[in-house]
2 protein chains.
Amino acid sequence: MARTQGSHSDITGPKIRAVALRLFAQHGYAAVSMRQIAKEVGVQAGALYNYIPDKQSLLVTLMETHMTDVLAAWTARLETLDDADVLHRLEAFTRFHIRFHMERPDAVFIAYMELRNLTPAHFTHIEALRSRYENGLRDILEEGVSAKAFQITDPKITTLAVIGMLNGVMTWYRSGGRLSLEEVETIYWDMVRKAVGA
Amino acid sequence: MARTQGSHSDITGPKIRAVALRLFAQHGYAAVSMRQIAKEVGVQAGALYNYIPDKQSLLVTLMETHMTDVLAAWTARLETLDDADVLHRLEAFTRFHIRFHMERPDAVFIAYMELRNLTPAHFTHIEALRSRYENGLRDILEEGVSAKAFQITDPKITTLAVIGMLNGVMTWYRSGGRLSLEEVETIYWDMVRKAVGA
DNA sequence: GTCTATAGGCAGATAGAC
DNA sequence: GTCTATCTGCCTATAGAC
């Protein structure tokens, strides 16, 4: 049979990751076959193995990329706020978290839901990245407690509670609904501010 | 070959559901085979089909059972509080939600994570049950607003934010840690109370 | 770098014996 | 009600041609 497509393709690698991100989020890692990914990329299944050693590595790459992206983006945002007081930094984190995560719902979903499909070593690695990000919020809360700007009994738990609350947005918000994302941010910021006693 | 086990077993049905609940939560619906379930139940794969028409029905049954259990338990709890004021009802919901869900982490995880594996009809059914439960919280919040006991700009969103915050407990709390569940409940109740402006 | 073809194995579900 | 055996089909990953 004649080959159906020629070689050449510097974009096949990124395309594989983009397709996998969408399919893994939609159906779950275990439910997606390499053949499905290949079909949507537009190559045969065997060709995928020129870009990835195996299916699991593809998943790890997607999760790692997402976590380092979040970290880098928040670090960059924080640098623009060096002189801001602790309340403004908390507001910045709240709005940043909602907006950044709403822009990549597939990556967010995968980074949380597919942790159980990682080997222990990969799991530890990904969770370390997540901790570094969450510590960004914890640092703000602890500074607010020291400065007596916040009334918090347990900054570690408050960190987890706030992150949990903000993550909830991803489960229900759809653009084109009753509220703009800006309005949702403001409502959540109001709740976060009150919850920390500021 | 001789059969390895005799017939009779009124407990095989419940056992199948218990095993499936654990395995689906641990590895994900798509990653668990009927043979795996059968092995842990102690029967051959074919025998499972005396109890369930197919794999998907098993998943639906688990999710439906969980949702009706939550609804029934909260309804029962609410009936013991008929004369309580709105602040006490909100506290009761907060503590109930954390405690009830922490007692069945597997069912909670499945009921949230495996929604994408449902047919549209099943999805609608399960989501309707979830809405009925969440409306229990929304009713409290709206009553609190009417009574001017809470300062909330948007009860619908506050409902989702509070549920999201409380659900976060399931992702990190492990018994035997630094805090008892009672203490965690109290910390979260403190945040919920402040967040609604009570 | 992509193709075709295939190895080797496991999947969900069913049939018929007991 | 459970067994064994099996149908049919898809899975991941690799080999070798071009």
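Helices here are DSSP runs of at least four residues, numbered from the N terminus. By that rule, chain A reads α-α-α-α-α-α-α-α along its sequence. The model is predicted. It pairs chain A with chain B, and 34 residues of chain B are in contact with 34 residues of chain A. A rotation of 180° superposes chain B on chain A.

**Fold of chain A**

- Chain A has 8 helices and 0 strands.
- The C-alpha trace of chain A spans about 75 × 40 × 30 Å along its principal axes.

**Annotated region**

- An unreviewed UniProt entry lists residues 33–52 of chain A as "DNA-binding region".
- Over residues 33–52, chain A is 40% helix and 0% strand.
- The end C-alpha atoms of that stretch of chain A lie 14 Å apart.

**Symmetry**

- Two copies of a chain are related by a rotation about an axis and a shift along it.
- For chain B on chain A, the rotation is 180° and the shift along the axis is 0.0 Å, with an RMSD of 0.1 Å.
- The two copies are thus related as by a two-fold rotation axis.
- Of the interface residues of chain B, 100% are also interface residues in chain A, so the copies meet through the same surface.

**Interface area**

- The size of an interface is often given as the accessible area lost when the parts come together.
- Between chain B and chain A, about 2800 Å² is buried. Carbon and sulfur atoms give 65% of that area.
- In chain B, the residues that lose the most area to chain A are B:Arg116, B:Ile157 and B:Lys194. Together they account for 22% of what the chain B side buries.

**Polar and charged links**

- There are 4 salt bridges between chain B and chain A.
- One salt bridge joins the side chains of B:Arg116 and A:Glu114, at 3.6 Å from N to O. B:Arg116 is also among the residues of chain B that lose the most area to chain A.
- Residue pairs in polar contact between chain B and chain A number 6, with both residues at pLDDT 80 or more.

**Makeup of the chain B side**

- Four elements of chain B each supply at least two residues to the side that touches chain A: helix H1 (12–27), helix H5 (105–113), helix H7 (155–172) and helix H8 (181–195).
- H7(B) gives the largest share of that side, 9 residues.
- The chain B side divides into 18 nonpolar, 10 polar and 6 charged residues.

Definitions and conventions:
Residues are numbered from 1 along each chain as its sequence is written. Chains are lettered from A and ligands numbered from 1 in the order in which they are written. This is a predicted model: local features need pLDDT of at least 70, side-chain atom pairs count only at pLDDT 80 or more; totals for chains, interfaces and linings use all residues. Side-chain values use heavy atoms; hydrogens and water are left out. UniProt positions are given in the numbering used here, feature names are shortened, and annotations may be inferred rather than shown by experiment. Contact means heavy atoms within 4.5 Å. Buried area is the accessible area (1.4 Å probe) that two parts lose on being put together, summed over both. A polar contact is a pair of N or O atoms within 3.5 Å; within protein, one must be able to donate a hydrogen and the other to accept it, and residues adjacent in sequence count only if both atoms are side-chain atoms. Ala, Val, Leu, Ile, Met, Phe, Trp, Tyr, Cys and Pro count as nonpolar, Asp, Glu, Lys and Arg as charged, and the others, Gly among them, as polar. Copies are superposed by least squares on the C-alpha atoms of residues with pLDDT of at least 70 in both.
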